[in-house]
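Let's take a walk through a protein model together. Have a look at the picture first, and then we'll go through it piece by piece.

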Amino acid sequence: MQIGEVAERTGLSLRTIRYYEEVELVVPSAHSQGGFRLYTEPDVNRLTLAKRMKSLGFQLEEMLELLAILDPVPDGPRIDDPASRLAEFAVIAERRCAELRAQLRSAEEFANLLRAQLALSRRERRP
């Protein structure tokens, strides 16, 4: 599939996908005769993994390392003691999830406060 379809399926921008190719995070499996990037289902899955990592705040170097463990590619980087490194990444992901849950609770409390204030102001305006 071409990059536009991949962008639509993953929710990533064309610019992001091209950048990920530039830094060799995800490289298209082939190019058409016309030079268009062609992606396979495994490429889309790899981009989806990258998107999930990014949403948890992983940096590019961490994403490259984690993908080398989760989805190794031929001639890709090799990680010393991948099981141990994966455990470290799991701890980081759990901590970041906890931080995001706390942020969500705070945002929900604020939204509830605004709803309550709105309801109160509507009642005060009624004759």
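This is a predicted model: local features need pLDDT of at least 70, side-chain atom pairs count only at pLDDT 80 or more; totals for chains, interfaces and linings use all residues.

Which residues does Leu25 touch, if you leave aside its neighbours within four places in sequence? The list is Tyr20, Arg46, Ala50, Leu60, Met63, Leu64 and Leu67.

Helix α4 covers residues 60-70 and helix α5 covers residues 82-125; they pack at an angle of about 125°, and their axes are 10 Å apart. Because angles over 145 degrees would count as roughly antiparallel and 65 to 115 as roughly perpendicular, this angle makes α4 oblique to α5. The crossing of these two helices is left-handed. On the α4 side you'll find Glu62, Glu65, Leu66, Ile69 and Leu70, and they meet Pro82, Arg85, Leu86, Phe89, Ile92 and Arg96 of α5. Sort the residues of this contact by class and you get 7 nonpolar, 4 charged and no polar ones.

Next up is the pair α1 and α3. Their axes come within 10 Å and cross at roughly 45°, so α1 is oblique to α3. This time, α1 passes α3 in a right-handed crossing. Val6, Arg9 and Thr10 of α1 make the contact with Glu41, Val44, Leu47, Thr48 and Lys51 of α3. The classes here come out as 3 nonpolar, 2 polar and 3 charged residues.

Finally, let's visit two loops. Glu24 sits in the loop between α2 and β1 (30-31), and it has a positive phi of about 65° even though it isn't a glycine. Is Glu24 buried or exposed? Its relative accessibility is 58%, so Glu24 counts as exposed. Over in the loop between α4 and α5 is Asp75. Asp75 isn't a glycine either, yet it has a positive phi of about 65°. With a relative accessible area of 81%, Asp75 is exposed.

How values were computed. Residues are numbered from 1 along each chain as its sequence is written. Side-chain values use heavy atoms; hydrogens and water are left out. Axes are lines fitted to C-alpha atoms, for helices over the stretch in contact, and angles run from 0 to 180 degrees between N-to-C directions. Helices (H or I, at least four residues) and strands (E, at least two) are DSSP runs, numbered from the N terminus. Angles under 35 degrees count as roughly parallel, over 145 as roughly antiparallel, 65 to 115 as roughly perpendicular and the rest as oblique. A crossing is left-handed if the near helix is turned anticlockwise from the far one by less than a right angle, and right-handed if clockwise. Contact means heavy atoms within 4.5 Å. Ala, Val, Leu, Ile, Met, Phe, Trp, Tyr, Cys and Pro count as nonpolar, Asp, Glu, Lys and Arg as charged, and the others, Gly among them, as polar. Buried means under 20% relative accessible area, exposed over 50%, partly exposed in between (1.4 Å probe, protein chains only).
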